[in-house]
Amino acid sequence: MARFIARRLLGMVAVLFAISVIVFLIFNVVPNSDPAARIAGKNADPDLIARVNADLGLDQPLPVQYVTMMKQIFTGQLTSYASNRNVVEQIWEGLPATFSLCIGAAVIWMSLAVLFGYLSAVHAGRFADRALTVLSLVGISMPVFWLAAILLYFLSFKVQLFPTGSYVDLTEDPLDWAYHLVLPWFTLAVLFIGFYSRVLRSNMLDAMNEDYVRTARAKGLSERQVRIRHVLRNSMIPIVTLFGLDFGMVVGGGAILTETVYNLPGVGLYAGEAIRSLDLPPLMAVTMFGAFFIVLFNTVVDVAYAVLDPRIRLGEAAPA
Amino acid sequence: MTREPLLRVDDLRVSFATEDGVLQAVDGVSFDLAPGEVLAVVGESGCGKSVTAQTLTGLTRSPNTRISGSVTYRGRELTGLGDDALRDIRGEEIAMVFQDPMSSLNPVYRVGDQIVEMIRAHRDVSKKEARERTVELLTSVGIPNPQARVRSYPHEFSGGMRQRVMIAMALALEPAVLIADEPTTALDVTVQAQILRLLADLNRERELAVVLITHDLGVVAEVADRVVVMYAGQIVEDGTVDDIFYSPQHPYTWGLLGSLARLDRPRTGRLAQIAGAPPSLLDPPSGCRFAPRCAFQFGRCDQPPPLDHDGGTHLDRCWLGGDVKAEVRP
Amino acid sequence: MTPLLEVSDLVKHFPIKSGIVIEREVGRVRAVDGVSLTLGEGETLGLVGESGCGKSTLCRAILQLTPPTSGSVKFMGQELVGMSGRELRPLRRQMQMIFQDPFSSLNPRKRIGQIIGDPMDLHGLASGADLKRRVQDLLDRVGLRPEHYNRYPHEFSGGQRQRIGIARALALRPKLIVADEPVSALDVSVQAQIVNLLKDLQDEFGLSYLFVAHDLGVVRHVSDRVAVMYLGKVVEDSGTDDLYDRPIHPYSNALLSAVPIPDPRRNEARERVVLEGDVPSPSNPPAGCRFHTRCPWASEVCASDEPAMSDYGPGHAAACHHPRNTA
């Protein structure tokens, strides 16, 4: 196990390196991204631009620029071209909002997905199943930004049930914090609830035909015990692994749209702005941040899989 | 038989609604099981033996299944029994062991936990007590180092050991009947010998009645007291193990015995084979179901023969008279 | 006369790898660990053993479906080990395989005619109408009907599918057919049909079989000679009648003793040897004689010295320090 994790961490370094190089190269190829010109302002003369270039080190050869940027990221000194603020600090400030959104949504989506998936499987073919299936499909089909806009319009504007976005810190006022996050949580969770409940339903229906379920019944366990301890438990393994990957993805950047529509000052919103202004330093930092989380959660998922399914032993030969 | 049968099956019929029509898997099966007796149910794939076995404890119940007839355990009718009552009987009175121990045990739970789960589903005991009992059980089926192996997972055992675990689990509550559905088919022959010896010991020491489902006549000869031969959903012969092996009365039984490559007989040029294949259970023949493949079929075989005897307890489903059989039997 | 197939000291190990950045070999699964056998033309050699003895791996190694780790396989006088794919191709026509599981060994998306005809097409032996005729001929030979040409595997029973597998193996008129448990997955009455078919085809086409099975009765019925395998090695090699009358190696003894006879009284009267314990892992075989951990007659020498194959009569060899039935 330790060897496996060590191998994965080494791999993570390689991935981060590759991503940073790719982002860097792409950025330097995209047209209309000359930061010096933008910083210098309109009607800047070539001299000013040249000085800005020198200031920011943009006249150095690319490899040197790359190394400098990497050094700056890891020492927390990277500054944005556009706002001249410390990028790493800004990401740090965005974390509470992003984590609040993502973790809350995750709790909601997992609980509801398991509930709906379980009910669907148990009542397969009957009305409850069909109704839940339709709901799931609707959930999967709604684009996040559209749903967010609709919810805001109906529940926030027309009927002042919920605030129109913005974020209240947890430490300030927990109830208000939650109140402001209800709509964003739901928006982000809906897609996943739909998808996960379908997957769980399908896994459970397969598991119900397994021999060990027959044994469990033959042992005299109640139908409920059979369903939860044997069918559900075994069906959850793929769900947990999917969750790890999706959660990593959501934290790593999947929440951009939600944060933008609801105006939550998280890392996603920050990333969105950086993209609009084609500001390389925050873009690079946010991408690395995202990649880090995704690789981290990939590893966590693999370890979790080995814990949940004792047949999987990472990197070791199976016992005779 | 002076003692009351432990299990009495009377005219059991089980059908499944499938896409292609109604499949009559079991079509009028009747037999008794006395306490401490080993009854073998022999037949090839599709004859209905597994469905019969699983129906005894209601494991085949589903919206697509129609069950008629009667299964009584110690005089109590099981076929219409409510789910709760049936669950009490499962494991406590009638336990089951299945063919493939790898897929029949839940791979994510430790073996000890699976046995403890069963014990605590029926008895009000603490986890500790249940665990102690589990260790005892594993010892009694010959698993070495049971204290440690209680914490092992199914995939960490070999095939034979896994089957022993299944047997230990089945015996946890000291049932009166053990239904073993092809318990050794997936095992190597030397391991099969170990498991059969274990079953024979258990039968002898605990007066455990066993219903043994198998297709292997050698296994039947090894452990059975009485034998029931099934074909196309029906019983075609019913007798003691000596009856079946030394004076079989049904052409299908002759065919089965004849097609074996036996170690105790000299090698022959060809194995006696039964021509053709078993009939479809969606649309079985109206007369004797074996007639299309039978070398001795004659006019009367258009009528379905009843299962009856020539005056003893040895039953067969064949129109041929006893004297004719004595002549033609291979 | 040179034997059709001569296997000498064939070894097939599978490495077990582990490591952080670079994977290193930390052990080996010794699936086949030095096997020698011979098969003459028109002969059937039975290969028996239980799970993990390496018989399936041996079949694949002989046919070069998996490259042997070391050793030699001489087929029709030519050394197969080390041959390139191109050199092997014409020889592959002469050696074919029948598989155990009739349900997974046929491509469910191909029609029977294609399954049987493809080998002939690939080797340029026939095409078009001629090909079809030959395929239907084969179908007839194995007991199926010409109209089955256009059907799919799922429309057939297990026994019929096995017949299709046999027809496919015969398509190229090979000299050697390796049958890996060809009847194990079939019902008893169907087994008899297939076994009889295989024997008839052997007479008609002059085939040689390497017949792998765990059913000792079936092996006895079809084989001229039998080799018994345990944990990657052949422990006894003998003419069939000789082996079954007079098994020399304790494992062969135990194996035969374990088979239940369909005769209740004789079963009871028999003296049985029931082995304790499980088969050891092929990645960590016992030192000395591999069977000594379960052998009722093992002694000290068995734990340290691996016995070599010795002769105990014409065509009957076994590897044991304490052979049985030698009187």
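Two strands count as paired if DSSP finds at least two bridges between them. Strands (E, at least two residues) and helices (H or I, at least four) are DSSP runs, numbered from the N terminus.

I am working on a predicted model, where local features need pLDDT of at least 70 and side-chain atom pairs count only at pLDDT 80 or more, while totals for chains, interfaces and linings use all residues. Residues are numbered from 1 along each chain as its sequence is written, and chains are lettered from A and ligands numbered from 1 in the order in which they are written.

**Sheet, chain C**

I looked up the strand order of the open sheet of eight strands in chain C, and it is β6-β7-β8-β3-β9-β10-β12-β11, with mixed pairing. At the edges I found β6 (95–98) and β11 (310–311) of chain C, each pairing on one side only. I then checked β3 (44–48) and β9 (225–230) of chain C, which pair in the parallel sense over four bridges. In β9(C), C:Ala227 is the residue opposite C:Leu47.

**Domains, chain A**

I noted domain 1 (1–75) and domain 2 (89–308) in chain A; the bounds come from an automatic or database domain assignment. Their centres, taken over C-alpha atoms, are 33 Å apart. The contact (C-beta atoms, placed from the backbone, within 7 Å) takes 15 residues from domain 1 of chain A and 12 from domain 2 of chain A. On the domain 1 side, α1 (2–29) and α4 (62–74) of chain A give two or more residues, and the largest share, 10 residues, comes from α1(A). By class I read 12 nonpolar, two polar and one charged residues on that side. Nonpolar here means Ala, Val, Leu, Ile, Met, Phe, Trp, Tyr, Cys and Pro; charged means Asp, Glu, Lys and Arg; the others, Gly among them, are polar.

**Helix α6, chain A**

I followed α6(A) from residue 127 to 141: its 15 residues reach 21 Å from first C-alpha to last, close to the 21 Å expected at 1.5 Å a residue (1.5 Å times one less than the number of residues). A:Leu132, A:Ser136 and A:Gly139 are buried (20 or more other C-beta atoms within 10 Å; exposed is 12 or fewer, partly exposed in between). They lie on the same side of α6(A) because they cover an arc of only 60° around the axis, taken from the directions from the axis to the C-beta atoms. On the face turned away I listed the exposed A:Phe127, A:Val134, A:Leu137, A:Val138 and A:Ser141. The cover over the buried residues includes α5 (87–122) and α8 (174–207) of chain A.

Conventions:
Contact = placed C-beta atoms within 7 Å.
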